[in-house]
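Here is a short briefing to read alongside the model. Please keep the viewer open and follow the points topic by topic.

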Amino acid sequence: QVQLVESGGGLVQAGESLRLSCAASGGSFSTYTMGWFRQAPGKVREFVAAINWKTISTFYSDSVKGRFAISRDNAKKTVWLQMNSLKPEDTAVYYCAADRGYSSDSYDWLKKEATYDYWGQGTQVTVSS
């Protein structure tokens, strides 16, 4: 059984940075495409970023492109989301997700919740103005 545990959330002011971590246990992390999603109050969960396990290609939603960066370390079984120049509209619960064994560089595939097999419990990020 794969478990994903997010950490690093918190309260920051607009313009500041945060780095979220997602630690995996169980399974074959090195063969999982990893994604980050977020859900703001009253809104549906949305795709933020993903990193392909095979090509190490990275993908971002338009709303975070240029400000956020996803990275991974297979030896540490960890994926990070570096978030810079945070805005109040980035306030949300951030979720880590894993897609086992399928390598795709299709943005349309990677942005879908149904693509991912495992999910973390989420970590709250609050950005004050």
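The structure holds 1 disulfide, a term used here for a pair of cysteine sulfur atoms within 2.5 Å. This is a predicted model, in which local features need pLDDT of at least 70 and side-chain atom pairs count only at pLDDT 80 or more, while totals for chains, interfaces and linings use all residues. Residues are numbered from 1 along each chain as its sequence is written, and side-chain values use heavy atoms, with hydrogens and water left out.

**The disulfide**

- Cys22 and Cys96 are the joined residues, with an S to S distance of 2.0 Å.
- The link ties distant parts of the chain, since Cys22 belongs to strand β3 and Cys96 to strand β9, 74 residues apart; helices (H or I, at least four residues) and strands (E, at least two) are DSSP runs, numbered from the N terminus.
- The angle about the S-S bond is -75°, and the link of Cys22 and Cys96 is left-handed.
- Cys22 and Cys96 are both buried (buried means under 20% relative accessible area, exposed over 50%, partly exposed in between, with a 1.4 Å probe and protein chains only).

**Strands around β3**

- Strand β1 (residues 3–7) runs antiparallel to β3 (residues 18–25), and 5 bridges join them; two strands pair if DSSP finds at least two bridges between them.
- In this pairing, Ser7 is found opposite Ser21 in β3.
- β3 is also joined to β8 (residues 78–83), by 6 bridges and again antiparallel, with Leu18 opposite Met83 in β8.

**Strand β4 and its partners**

- Of the 8 residues of β4, 7 are buried, which leaves the strand mostly covered.
- β4 and β9 run antiparallel with 8 bridges between them, and Trp36 stands opposite Cys96, the β9 residue of the disulfide.
- 5 bridges connect β4 to β5 (residues 46–51), also antiparallel, and here Arg38 faces Glu46 in β5.
- The hairpin of β4 and β5 has 6 residues between the strands, and Gly42 in it takes a positive phi near 75°.

**Aromatic rings and a charge**

- The count comes to 6 aromatic pairs, where rings of Phe, Tyr and Trp (its six-membered ring) pair if their centres lie within 6.5 Å; planes under 30 degrees apart count as stacked, over 60 as edge-to-face and the rest as tilted.
- Phe37 and Tyr116 make an edge-to-face pair, because their planes are at 80°, with the ring centres 5.2 Å apart.
- Phe37 lies in β4 (residues 32–39) and Tyr116 in the loop between α1 (107–110) and β10 (118–119), so the pair ties together parts 79 residues apart in sequence.
- Phe37 counts as buried at 1% relative accessibility, and Tyr116 counts as buried at 5%.
- One aromatic cluster is formed by Phe37, Phe47, Tyr107, Tyr116 and Trp119.
- The charged end of Arg45 sits over the ring of Trp119, 4.0 Å from its centre, and over the ring of Tyr95, 4.7 Å from its centre; the rule asks for NZ of Lys or CZ of Arg within 6 Å of the ring centre and within 35 degrees of the ring normal.

**Thr91**

- Thr91 has its place in the loop between β8 and β9 (92–100), and is buried because its relative accessible area is 19%.
- A polar atom of the Thr91 side chain lies 2.9 Å from the backbone oxygen of Pro88, and one lies 2.9 Å from the backbone nitrogen of Val127.
- Leaving aside neighbours within four places in sequence, Thr91 is in contact (heavy atoms within 4.5 Å) with residues including Ala40, Pro41 and Gln124.

Definitions and conventions: A polar contact is a pair of N or O atoms within 3.5 Å; within protein, one must be able to donate a hydrogen and the other to accept it, and residues adjacent in sequence count only if both atoms are side-chain atoms.
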